[in-house]
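Here's a quick walk through one structure, with an eye on helix packing and charged pairs. Have a look at it first.

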Amino acid sequence: MQIGMIGLGRMGGNIARRLMRGGHGCVVFDVSASARAALAAEGAMAAASLAEMVAMLGGGPRAIWVMLPAGKITGATIEDLAGLMGRGDVIIDGGNSFYKDDIRRAKILAARGIDFVDCGTSGGVWGLERGYCMMIGGPKAAVDFLDPIFATLAPGSGAIARTPGREQADPRAEKGYIHAGPTGAGHFVKMIHNGIEYGLMQAYAEGFDILRNKSSVDLPEDERFTLNLPDIAEVWRRGSVVSSWLLDLGAAALAHDPQLEKYSGFVQDSGEGRWTVEAAIEEAVPADVLSTALYARFRSRQEHTFAEKMLSAMRFGFGGHVEAPGSEK
């Protein structure tokens, strides 16, 4: 099918590429002319404006995917599209927007007959080859209409063993995407996913910091060990209960830079961790680990330990987030 893609950054550009590889037609727009030209050279149709994009998509129902940073730019783009699109069209927000904003925007768009779908998208810079895990919210009819798009972007079942007892369950989850519920549910599930990600990363970071400091002169001499962190990360990848893609990324970083000298230890948070903690407060759900992991990122901007460098390395590994030495200045 044909779809519009707004925002051709690290993820938006690769989403368009994966769709084109799967046989879909893409009309693309970005404020950067060079980004538009790069996708056009690979087979996309480039639009010079939102109005031109809508026109190029032809008659309805039209679908346009917005892949921009959460906040004002996403809100303004969706508002502009609302004035250009018509009844039966669909707008997808695939970024990391706040789920309550989705609910509000969907009501405004519904009054114009436009469907709104929120899609929490995980996969980072690796999604082009690996596929994207997607958590989708919105009206069933709109989500079903977009299923060919989601099926192409998803990683598929691959070599992962089937979970016993899922034989009669929705097969989409096994392929890497779900219709999580009504508008806002997709971004809510992705928000919690990212909150958990904070906790997992913090656990790895602190563990490797403890391993590294086992050679400290503050310890009794016979209790000091000089441990090979790249080897430890590598052995944990193979058969250990703590193996994961995050550990894979950490192992790769340590293999290339055992002291993680190219990382500052200054670690940003992109919003979802805060929103996860806010949701826990609203629901009166204890979230000790997730809250602590968020606060650790705040602390990293004042003092940088090896643990924070490990966090920086993992963030760079999955999302291409550059936090090199000096980024805190």
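Which residues in helix 10 meet which residues in helix 11?

## Ground rules

This is a predicted model, where local features need pLDDT of at least 70, side-chain atom pairs count only at pLDDT 80 or more, and totals for chains, interfaces and linings use all residues. Numbering starts from 1 along each chain as its sequence is written, and side-chain values use heavy atoms, with hydrogens and water left out.

## Two helices

Back to the contact: on the helix 10 side there are Phe208, Leu211 and Arg212, and they meet Leu229, Ile232, Ala233 and Trp236 of helix 11. Contact here is heavy atoms within 4.5 Å. Sorted by type, these residues come out as six nonpolar, no polar and one charged (nonpolar is Ala, Val, Leu, Ile, Met, Phe, Trp, Tyr, Cys and Pro; charged is Asp, Glu, Lys and Arg; polar is the others, Gly among them).

As for geometry, helix 10 (residues 185-212) packs on helix 11 (residues 229-236) at about 135 degrees, and the axes are 11 Å apart. Axes are lines fitted to C-alpha atoms over the stretch in contact, with angles from 0 to 180 degrees between N-to-C directions. Helices themselves are DSSP runs (H or I, at least four residues), as are strands (E, at least two), numbered from the N terminus. The two helices are therefore oblique to each other; that label covers what is left after under 35 degrees (roughly parallel), over 145 (roughly antiparallel) and 65 to 115 (roughly perpendicular).

## Salt bridges

Searching the whole structure turns up 14 salt bridges, each a side-chain nitrogen of Lys or Arg within 4 Å of a carboxyl oxygen of Asp or Glu. One of them joins aspartate 89 and arginine 62 at 2.9 Å, N to O. Aspartate 89 sits in the loop between helix 4 (72-82) and strand 5 (90-93), and arginine 62 in the loop between helix 3 (50-56) and strand 4 (63-66), so the pair ties together parts 27 residues apart in sequence. Both residues are buried (under 20% relative accessible area; exposed is over 50%, partly exposed in between, with a 1.4 Å probe and protein chains only).

Arginine 104 and aspartate 101 pair up at 3.4 Å, N to O. They are three residues apart in helix 5 (residues 99-110), about one helical turn. Arginine 104 is partly exposed at 42%, and aspartate 101 is partly exposed at 25%.

Glutamate 234 and arginine 237 form another salt bridge, at 3.0 Å, N to O. A network of salt bridges links Glu234, Arg237, Arg238 and Asp248.
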